[in-house]
Each structure stands twice: as structure tokens, then as C-alpha cells.
Amino acid sequence: MLQQELDILMQETAKDAVKAAQEECGITLDYSKASITLVDSTIEHFIKEFPSQSLEDKAIFTICNMYGAYIGEIFKALAGGQWHYDTSSPEAPTIFLVIKDKSYAFAGICYDKLVRNPDIQLKEYFDKALAANTN
């Protein structure tokens with residue numbers, strides 16, 4: 001996948017997150033740093049409405065990728081970086097945001113919150129990543 005195609009894909013996926021948050025939860029995401037807290041609320045809504053055992057794998061994948069893209073696009077706007085499509089595991093390709101010598105799996109942290117530990121705070125992860133790249 002070409003970098004430009006990946007960038008467009010992630011921008012469109014982030015737009016899907018904005019639309020889903022509004023339609024499913026009545027939450028307005030505005031691409032601000034403060035809105036990351038609302039992503040936490042949005043995923044918490046999905047946890048309450050659809051306990052993880054009732055969500056299909058495809059729905060979990062979609063939710064995590066949408067909100068990971070949304071968080072990543074905000075990060076890119078504030079700190080830079082570039083999306084990277086990792087096919088080292090062909091059966092489970094992943095997308096990371098790479099900046100300098102670090103990579104951030106924003107979709108992965110969304111997955112952890114949705115499926116493994118609802119107490120994870122996406123805003124905290126985002127703030128640590130941002131601080132590490134904007135000093």
C-alpha cells in the first residue's frame with residue numbers, strides 16, 4: 001500500500017469514528033486534543049451496550065481501527081509522524097503511527113480498553129505519547 005493511500009485510508013477511517021460517535025452515542029468529536037477523553041467515553045458506551053462477548057470480531061476490529069485512526073490523526077496534527085502498515089504477520093496486519101524511533105499502536109490500545117481492561121485511559125496513553133514527542 002502506498003503511503004498516500006494509507007494516509008487517505010486513515011483520514012477516512014477517522015471520519016467514520018466521528019460519524020459513529022455521533023450516531024451511536026450522541027458524542028461530538030472535533031479533532032481536538034480534549035476530544036480524546038470523549039473517545040474514552042465512546043468506547044465505554046460500546047462496552048456497556050455490547051459486552052465484549054457479544055461483539056463480533058469484525059465489530060471489535062472496526063471500532064478499534066476507527067478510534068485508533070481518530071486518535072492517531074490528532075497525534076499527527078500535533079506532533080507529526082507517519083502511518084505504517086505492518087505486514088510482518090500476514091494473517092493479522094497492523095497499522096502503527098511511527099514518529100522518530102517510536103511507534104504507537106493507537107488501535108491496539110483501543111482494543112485493550114474494549115476487550116481486556118475498560119479502566120485503560122486512552123487520554124493518558126495519548127498524553128504520554130505526545131509528551132515524548134513534543135519536548
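In the predicted model, Lys113 is in contact (heavy atoms within 4.5 Å) with Asp40, Ile43, Glu44, Ile47, Pro118, Ile120, Gln121 and Leu122, its neighbours within four places in sequence being left aside. Lys113 belongs to helix H4, residues 106-116; helices (H or I, at least four residues) and strands (E, at least two) are DSSP runs numbered from the N terminus. Local features need pLDDT of at least 70 and side-chain atom pairs count only at pLDDT 80 or more, whereas totals for chains, interfaces and linings use all residues. Residues are numbered from 1 along each chain as its sequence is written, and side-chain values use heavy atoms, with hydrogens and water left out.

Lys113 has a relative accessibility of 0% and therefore counts as buried. The classes are buried (under 20% relative accessible area), exposed (over 50%) and partly exposed (in between), computed with a 1.4 Å probe and protein chains only. A polar atom of the Lys113 side chain lies 3.0 Å from the backbone oxygen of Pro118. The side chain of Lys113 also makes a polar contact with that of Asp40, at 3.3 Å. A polar contact is a pair of N or O atoms within 3.5 Å; within protein, one must be able to donate a hydrogen and the other to accept it, and residues adjacent in sequence count only if both atoms are side-chain atoms.

Asp40 is located in helix H2, residues 36-49, and counts as buried because its relative accessibility is 3%. With its neighbours within four places in sequence left aside, Asp40 is in contact with Lys113, Ile120, Gln121, Leu122 and Lys123. Asp40, Glu44 and Lys113 are linked in a network of salt bridges, a salt bridge being a side-chain nitrogen of Lys or Arg within 4 Å of a carboxyl oxygen of Asp or Glu. Side chains of opposite charge can pair when their charged atoms come close.

A search of the whole structure finds eight salt bridges. One of the pairs is Lys15 and Glu12, with the closest N and O atoms 3.4 Å apart. These two residues are three positions apart in helix H1, so Lys15 and Glu12 are separated by about one helical turn. Lys15 is partly exposed, with a relative accessible area of 46%, and Glu12 is likewise partly exposed, at 39%.

In helix H4, Arg116 and Asp112 are four residues apart, and therefore separated by about one helical turn. Arg116 forms a salt bridge with Asp112, in which the closest N and O atoms are 2.7 Å apart. Arg116 is exposed, its relative accessible area being 59%. In helix H5 (residues 122-133), Lys128 and Glu124 are also four residues apart, about one turn of the helix. Their side chains meet in a salt bridge of 3.4 Å, N to O. Lys128 counts as exposed at 55% relative accessibility, whereas Glu124 is partly exposed at 45%.

The cysteines were examined next. A disulfide is a covalent bond between the sulfur atoms of two cysteines. Zero disulfides are found in a search of the whole structure, the criterion being a pair of cysteine sulfur atoms within 2.5 Å. The cysteine sulfur closest to that of Cys25 belongs to Cys110 and is 13 Å away, too far for a bond. Cys64 is in no disulfide either, the nearest cysteine sulfur, that of Cys110, being 6.0 Å away. Cys64 is buried, with a relative accessible area of 4%.

Most residues other than glycine have a negative phi, and most peptide bonds are trans. Tyr31, although not a glycine, has a positive phi of about 65°. Tyr31 is placed in the loop between H1 and H2 and counts as partly exposed at 36% relative accessibility. Lys100, also not a glycine, has a positive phi of about 55°. Lys100 lies in the loop between strand S2 (94-99) and strand S3 (102-104), and its relative accessibility of 62% makes it exposed.

Leu9 is found in helix H1, residues 3-25, and counts as partly exposed at 37% relative accessibility.
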